[in-house]
Each structure stands twice: as structure tokens, then as C-alpha cells.
Amino acid sequence: MLSPICLRSFLTVIDTGGFTEAARHLNATQSTISGHIKRLEEQAGHRLMERDRGGSVALTLQGRELIGYAREILRLDQEARSRLAGTSLTGLVRVGLPDDFASGRGFTQLLADFARQHPDARLEVEVGNRDRLLSALDVKRLDHVLTKQDRAAGGEILARRTVVWMGLTSTTGAVPLIVFPEPCIYRERAIRALEKAGIPWTVAYVSPSLAGILAAVNAGLGVSPLAEDLTEGLVPSIVNQTLPSPGSIDLVLHSRAGQLTRAATGLSDLIRQHYGVAGIQGAKKNNLA
């Protein structure tokens with residue numbers, strides 16, 4: 001049997017980008033996390049991860065195949081616990097998401113799981129850009145907002161994602177960028193990296209939706225900076241070897257001030273669990289400026 005505790009550590013290492021961050025998120029030691037991974041590999045009968053001397057983590061083929069099963073096992077575990085405990089939640093919960101969260105299968109599946117586990121709760125989702133959603137949170141029109149941002153900004157860090165270049169383009173002349181409208185952390189990081197390296201660029205295509213970005217990438221209109229987990233089905237660009245790295249971004253949860261409904265509190269707990277973040281007391285939290 002695959003241990004849910006070990007599976008949670010496995011997913012947290014993936015979501016946070018390493019053993020050090022996973023240990024911090026789970027309020028555990030690195031040796032504990034390493035022990036969980038070793039035990040999981042023994043249970044699975046395969047090597048799941050490789051670590052280099054710099055601490056970077058690379059998944060093996062078996063490790064990549066396990067990700068979906070691990071999330072499903074933990075989801076079913078939580079659903080069974082909720083059903084048996086009779087802890088179905090009630091009340092309204094309003095959550096704001098950027099388009100790439102809303103378009104991604106992982107997070108929309110999380111919301112669907114929440115709705116199924118708590119049929120008496122009412123879920124409202126608003127999709128928009130970072131500034132608009134945070135403004136709605138400030139006036140208490142939303143309970144929670146998910147954003148992508150720099151590490152120095154406010155909110156509760158859920159996970160860290162590497163930003164990579166996707167798409168095909170010539171390595172000569174100005175780099176044609178396929179980007180979201182401003183404000184966009186992917187766009188900001190990409191332009192900053194190119195200008196620091198002295199590489200000319202031009203905005204070739206702007207789309208407010210992830211579907212539009214991916215369509216432009218697949219059509220060969222340029223390159224796009226995207227979080228690594230949004231690139232399923234795409235081939236990493238060869239310019240990843242020649243263009244400067246845009247770095248990484250944080251996935252961040254913001255919650256409004258004041259008392260929340262049981263449903264709103266329950267959804268934030270499920271989001272933390274999805275990303276392998278420790279409970280409210282153990283999670284890293286900052287006040288919004």
C-alpha cells in the first residue's frame with residue numbers, strides 16, 4: 001500500500017521545488033521528508049526522484065506517472081474522512097482566480113471535489129487579473145484570491161513554480177513574446193530577464209486567456225514564459241538553452257480579513273492540503289500591505 005503521509009510529502013516536494021521548502025511547508029525536518037520519499041520508493045518498487053548536489057529535484061518516469069494517482073488517493077482519503085465525520089460544510093464561499101488557474105485541470109478539479117464533498121455549500125468563482133481580484137478582496141467581495149507573484153509580496157505561499165520558455169522562434173533579432181496583458185508576473189519576469197541580458201524583444205501576441213496563449217505558441221508566433229506545470233502537451237523551446245531563465249514565481253493564497261463562513265474556511269484548508277502546506281498554524285502567512 002502507498003502511504004498517504006508519504007504521498008503528501010512526495011507531492012509537496014514537487015509543488016515547492018525541493019526538500020528544504022517541503023520540510024518548511026509541512027513543518028517537518030528534511031530528514032523526515034527524505035525518509036518518507038525513501039519509504040514511498042520502497043512501496044512503489046521504483047526510484048521516483050533524483051537529487052543533484054545543488055539540491056535540485058528531477059522526477060523519474062515512474063515519479064511523473066505517480067503524480068496523478070497520488071493526488072487522487074489523497075483526495076479520496078479526505079472525501080472519505082469528511083463523509084464519515086459528517087462534516088459537510090454550509091455557507092457561501094467566493095474565490096478569485098487568474099485565468100491560468102481557472103484553465104488548469106488540477107485546480108478546477110479541486111473545486112469540483114469541494115463542491116461534491118460539500119453539496120450544501122455554495123461556491124462562486126470569479127476569473128480576472130491580479131489587481132482586480134485583490135481589489136475585490138479588499139472590499140470583501142471575495143473570500144479568497146489565488147495569485148502568482150514575487151516572493152517579497154504579501155499572502156500565504158502555497159508553492160513555487162519554475163518559469164520556462166515555450167514555443168519556437170529564431171534566436172536572431174528581437175524575441176517575439178506571447179504574453180498575458182499587464183499586470184502579469186510571467187510577462188514582468190521575462191522582460192526583466194531579457195533586458196538584463198541585453199536581448200531585444202517585442203510583444204508579438206497578447207491574450208487574456210491561457211487557451212489563447214497556448215494557441216499562439218502552437219501556431220509558432222513566438223515564445224511564451226509560462227509556469228512549468230502549465231506546459232503539459234507542449235515541447236519546451238530550444239531557446240530555453242539560449243535565453244536567460246525568467247526564474248520562478250510563488251503561488252499565493254490571499255484571504256479577506258474578518259470572520260469567514262465554514263465553507264470559506266474549509267475551502268482554504270483544502271487548497272492548503274492540495275499544495276501540501278501545513279495547517280493554518282504551520283503555514284507561512286504575511287499580512288497584505
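**Exercise 1. State in which helix H274 lies, and decide whether H274 is buried or exposed.**

Solution. In this predicted model, H274 belongs to helix α10, which spans residues 262–274. Next, consider the relative accessible area of H274, which is 19%. A residue counts as buried when this value is under 20%. H274 is therefore buried. Finally, consider F107, which stands 167 residues away from H274 along the chain.

**Exercise 2. Locate R189, classify R189 as buried or exposed, and list its contacts beyond the neighbours within four places in sequence.**

Solution. Helix α8, residues 185–196, contains R189. The relative accessible area of R189 is 13%, so this residue is buried. With neighbours within four places in sequence set aside, R189 is in contact with D150, P246, G247, S248 and I249.

**Exercise 3. Describe how helices α1 and α3 pack, and identify the residues that meet.**

Solution. Begin with the geometry: α1 (residues 4–16) and α3 (residues 30–44) pack at about 115°, and their axes are 8 Å apart. Angles from 65 to 115 degrees count as roughly perpendicular; α1 is therefore roughly perpendicular to α3. The handedness of this crossing is left-handed. Now turn to the residues. From α1 come I5, C6, L7, S9, F10 and V13, and they meet I33, H36, I37, R39 and L40 of α3. Sorted by class, the contact of α1 with α3 comprises eight nonpolar, two polar and one charged residues.

**Exercise 4. Examine the backbone at P183 and at K140.**

Solution. The bond that joins E182 and P183 is a cis peptide bond, with omega at about -5°. P183 is placed in the loop between β7 (175–179) and α8. K140 is not a glycine, yet its phi is positive, at about 65°. The loop between α7 (130–138) and β5 (144–149) holds K140. With a relative accessibility of 45%, K140 counts as partly exposed.

**Exercise 5. Summarise the chain as a whole: how many helices and strands are there, and what percentage of residues count as buried?**

Solution. The chain has 10 helices and 10 strands. Of its 289 residues, 46% count as buried. Its accessible surface comes to about 14300 Å², and carbon and sulfur atoms account for 53% of that area. Lastly, take the contacts between residues at least 6 apart in sequence: 78% of these join residues at least 24 apart.

Conventions: Residues numbered from 1 in each chain as written. Predicted model: local features only at pLDDT ≥ 70, side-chain atom pairs only at ≥ 80, totals over all residues. Heavy atoms only, no water. Axes fitted to C-alpha atoms, helices over the stretch in contact; angles between N-to-C directions. Helix = DSSP H or I, 4+ residues; strand = E, 2+ residues; numbered from the N terminus. Parallel < 35°, antiparallel > 145°, perpendicular 65-115°, else oblique. Left-handed = near helix turned anticlockwise from the far one by under 90°. Contact = heavy atoms within 4.5 Å. Nonpolar A, V, L, I, M, F, W, Y, C, P; charged D, E, K, R; others polar. Buried < 20%, exposed > 50% of the residue type's maximum accessible area, 1.4 Å probe, protein only. Areas by Shrake-Rupley, 256 points an atom, 1.4 Å probe, with all protein chains shown as cover.
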